[in-house]
Amino acid sequence: MSGLKKILLAIQEHSQSGNRRELIQNLRLLMQNRHKYYRESVEEALLAPFSDALYKTLLLELDEEEEDSIETAELAYLSLGTILNTENNNPEFYKRRLLLLHYFSDFFTDSIIEIFWAQFREENRLQARTLAIECLEKMQLSDMFYLEENEADFINGDEQIIDACNAIETNPNLTTEEKANATLLHKVLYAYLKAKYKK
């Protein structure tokens, strides 16, 4: 059994048992080599538990530096994107991606700005940030539309999704073209992050 698999199994075990001390210890062990373990999670088909562990790290605020939290969030998004790009339509992964962008949107704004509005970075930072947040909200709506159209029973009464969608300020009445563009935003961010963490 690989070192990564042992760590992920320990994280799962301690999450279920409620052993917070051991859970945090193993999450920190994972974070020490997050890039290496990301590559291994792809090779060993462990992206699902790996992305879940990264999400737990963010929820528990274990990263000491914001830059580390940004990396954790981006690798979690990249892992989920890889899963969904392999035609795995498990609604749990759409939900997790939606909540990741909702709870930790601040960690994605710089990448969105870099992709679309790098020229505004210095001259009009506030406008670039506003546009980036709108993009991230449309991406959340895209996942919500997918779940509504394909997995209505899965999200029926789900308070986390309801709260996340109620917090979105962007008008949800998107046209067909706007919905397609929102889905495209996911593809663009995924491609950007895949190139960023290729090494």
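A helix here is a DSSP run of at least four residues, numbered from the N terminus. Keep in mind that this is a predicted model.

**View 1. Glu-61, in the loop between α4 and α5.** Glu-61 isn't a glycine, yet its phi is positive, near 55°. Most residues other than glycine have a negative phi. Is Glu-61 buried or exposed? With a relative accessibility of 69%, Glu-61 is exposed, because anything over 50% gets that label.

**View 2. Ala-45, in the loop between α3 and α4.** This loop runs between α3 (34-43) and α4 (47-59). Ala-45 is another non-glycine with a positive phi, about 55°. Its relative accessible area is 67%, so Ala-45 counts as exposed.

**View 3. The largest pocket, about 230 Å³ in volume.** Its lining takes in 13 residues, and the ones closest to the centre are Asn-85, Arg-97, Thr-183, His-186 and Lys-187. Two or more lining residues come from each of α5, α6 (91-103), α9 (125-150) and α12 (176-196). Which helix gives the most? That's α12, with four residues. Sorted by class, the lining has five nonpolar, five polar and three charged residues.

**View 4. The second largest pocket, about 180 Å³ in volume.** Look for α1 (3-17) and α4, which each supply at least two lining residues. The largest share, six residues, belongs to α1. Among the lining residues are Lys-5, Leu-8, Gln-12, Pro-49 and Lys-56. The class tally for this lining is six nonpolar, two polar and three charged residues.

Methods:
Residues are numbered from 1 along each chain as its sequence is written. This is a predicted model: local features need pLDDT of at least 70, side-chain atom pairs count only at pLDDT 80 or more; totals for chains, interfaces and linings use all residues. Side-chain values use heavy atoms; hydrogens and water are left out. Buried means under 20% relative accessible area, exposed over 50%, partly exposed in between (1.4 Å probe, protein chains only). On a 1 Å grid over the protein atoms alone, a cavity is a set of points where a 1.4 Å probe fits but cannot get out, and a pocket is an open set with protein on both sides within 12 Å along at least five of seven lines; lining residues have an atom within 4 Å of a point. Grid points are joined across faces, edges and corners, and a volume is the space filled by probe spheres set on the points. Ala, Val, Leu, Ile, Met, Phe, Trp, Tyr, Cys and Pro count as nonpolar, Asp, Glu, Lys and Arg as charged, and the others, Gly among them, as polar.
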